[in-house]
Amino acid sequence: MNVLRAGGYRFRLDRPLIMGILNVTPDSFSDGGRFIEREAALEQAHRLVADGADIIDVGGESTRPGAMPVSAVDEMRRILPIVEALAGSFPVSVDTSKPEVMVEALARGAAMINDVRALREPGALDAVREGSAAVCLMHMLGEPRTMQVDPVYGDVVAEVGAFLEERALVVESAGVERERIVIDPGFGFGKTVAHNLELLRRLPELARMGWPLLAGLSRKSMFAKIAGKGVADRLHASVAAAVLAAARGAAIVRVHDVGPTRDALCVLQAIENEGS
Ligand code: HH2
């Protein structure tokens, strides 16, 4: 049985976990500005948990294509009060690439660091290596400001897999135990729709690599092309994608709409439990 250790929490990975997204930003692509006030953010966190989230992922900087960087001071001002308020009661992940933000979030009880740059910023690995927090290492080609400008791969699955393996081994040899490491192909991060679909179709290859796999597809722009939906109308497509990812081996799905995703995943689980 695979397990994931995240701070004081130990998750058995015998069913897909749900990571609920809480963006405390003015400019996130689908919910920017909705949870920037403390009360609204905490209310949303409690709603996500009531709906079935296993982990709450708090982010203070949008990484949508074209997003402009935010200073560490501003990012901390947004997220730390929320992390502090929630971490005593729920597993809290923090979506950041900045070592100083990681250190402060971990000091306030964050159980996981979710880094779209896979701990490549100087000092990031040192910020997480001690202690027991989990880390999510994500693949991104380029930087958010420019990553969607003509991304090119030979074999996207092989290249993303090689990057994730290399990063996971570096992080492990720095002293982060395997049970604390999650990998993520980074849907939409320097990828065309065709790349995203290839990654989703061949997700089992990445799931077999030996680290739990996270899939973040929720409300992403690929659904504009696939289903012709604007950002406010991508619920059904997102739920379908989360279930397909879980069926192909994702151990964690990162989603905005926890309740509908949970119900859909129950169907998958029921089928799989019946078969075993
Ligand atoms: N996607 C987003 C942000 N963080 N982290 C991981 N590990 N995987 C992802 O796919 C991922 C992520 C983008 O989604 P969202 O947080 O809703 O938007 P924004 O970056 O605009 O805040």
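## Overall architecture

The protein contains 10 helices and 10 strands, where helices (H or I, at least four residues) and strands (E, at least two) are DSSP runs numbered from the N terminus. Its radius of gyration is 17 Å, close to the 19 Å that the globule rule gives for 276 residues, so the protein is as compact as a globular protein of that length; the radius is taken over C-alpha atoms, and the rule is 2.2 Å times the number of residues to the power 0.38. The C-alpha trace spans about 45 × 40 × 40 Å along its principal axes.

This is a predicted model, in which local features need pLDDT of at least 70 and side-chain atom pairs count only at pLDDT 80 or more, while totals for chains, interfaces and linings use all residues. Residues are numbered from 1 along each chain as its sequence is written, and side-chain values use heavy atoms, with hydrogens and water left out.

## Burial, contacts and surface

Of the 276 residues in the protein, 54% are buried, a class that means under 20% relative accessible area, with exposed set at over 50% and partly exposed in between (1.4 Å probe, protein chains only). Among contacts in the protein with a separation of 6 or more, 66% join residues 24 or more positions apart, contact being defined as heavy atoms within 4.5 Å.

The accessible surface of the protein comes to about 11700 Å², and 51% of that surface belongs to carbon and sulfur atoms. Accessible areas come from the Shrake-Rupley method with a 1.4 Å probe, and for residues only the protein chains shown count as cover.

Rolling a probe the size of a water molecule over the atoms shows where empty space is left. A search of the whole structure finds 1 cavity of 30 Å³ or more, a cavity being a set of points, on a 1 Å grid over the protein atoms alone, where a 1.4 Å probe fits but cannot get out. The largest cavity holds about 50 Å³ of space; grid points are joined across faces, edges and corners, and the volume is the space filled by probe spheres set on the points.

Lining residues, which have an atom within 4 Å of a point, are Glu61, Thr63, Glu75, Asp95, Thr96, Ser97, Val116 and Arg117 for the largest cavity. By class, this lining has 1 nonpolar, 3 polar and 4 charged residues, where Ala, Val, Leu, Ile, Met, Phe, Trp, Tyr, Cys and Pro count as nonpolar, Asp, Glu, Lys and Arg as charged, and the others, Gly among them, as polar.

## Buried helix residues

His195 is found in helix H6 (residues 193–201) and, at 13% relative accessibility, counts as buried. Not counting residues up to four places away in sequence, His195 touches Pro151, Tyr153 and Val156.

Thr261 lies in helix H10 (residues 258–275) and is buried, with a relative accessible area of 2%. With residues up to four places away in sequence again set aside, Thr261 touches Ile18, Val239, Ala242, Val253 and Val255.

Arg5 lies in strand S1 (residues 3–6) and counts as partly exposed at 26% relative accessibility. Leaving aside neighbours within four places in sequence, Arg5 is in contact with Arg10, Ser132, Ala134, Glu177, Glu179 and Arg180, and its C-alpha atom is separated by 8.4 Å from that of Ile181, 176 residues apart along the chain.

Arg108 is found in the loop between helix H3 (99–107) and strand S6 (112–115), and its relative accessibility of 27% counts as partly exposed. Beyond its neighbours within four places in sequence, Arg108 is in contact with Leu80, Val83, Glu84 and Ala87, while the C-alpha atoms of Arg108 and Ala85, 23 residues apart along the chain, are separated by 8.9 Å.

Most residues other than glycine have a negative phi. Ala118, in the loop between S6 and helix H4 (124–129), has a positive phi near 55° and is buried, with a relative accessible area of 0%. Asp150, in the loop between strand S7 (134–138) and helix H5 (156–173), has a positive phi near 50° but is exposed, with a relative accessible area of 62%.

Ser173 is found in helix H5 and is exposed, with a relative accessible area of 65%. The C-alpha atoms of Ser173 and Arg129, 44 residues apart along the chain, are separated by 9.9 Å.

Note on methods: On a 1 Å grid over the protein atoms alone, a cavity is a set of points where a 1.4 Å probe fits but cannot get out, and a pocket is an open set with protein on both sides within 12 Å along at least five of seven lines; lining residues have an atom within 4 Å of a point.
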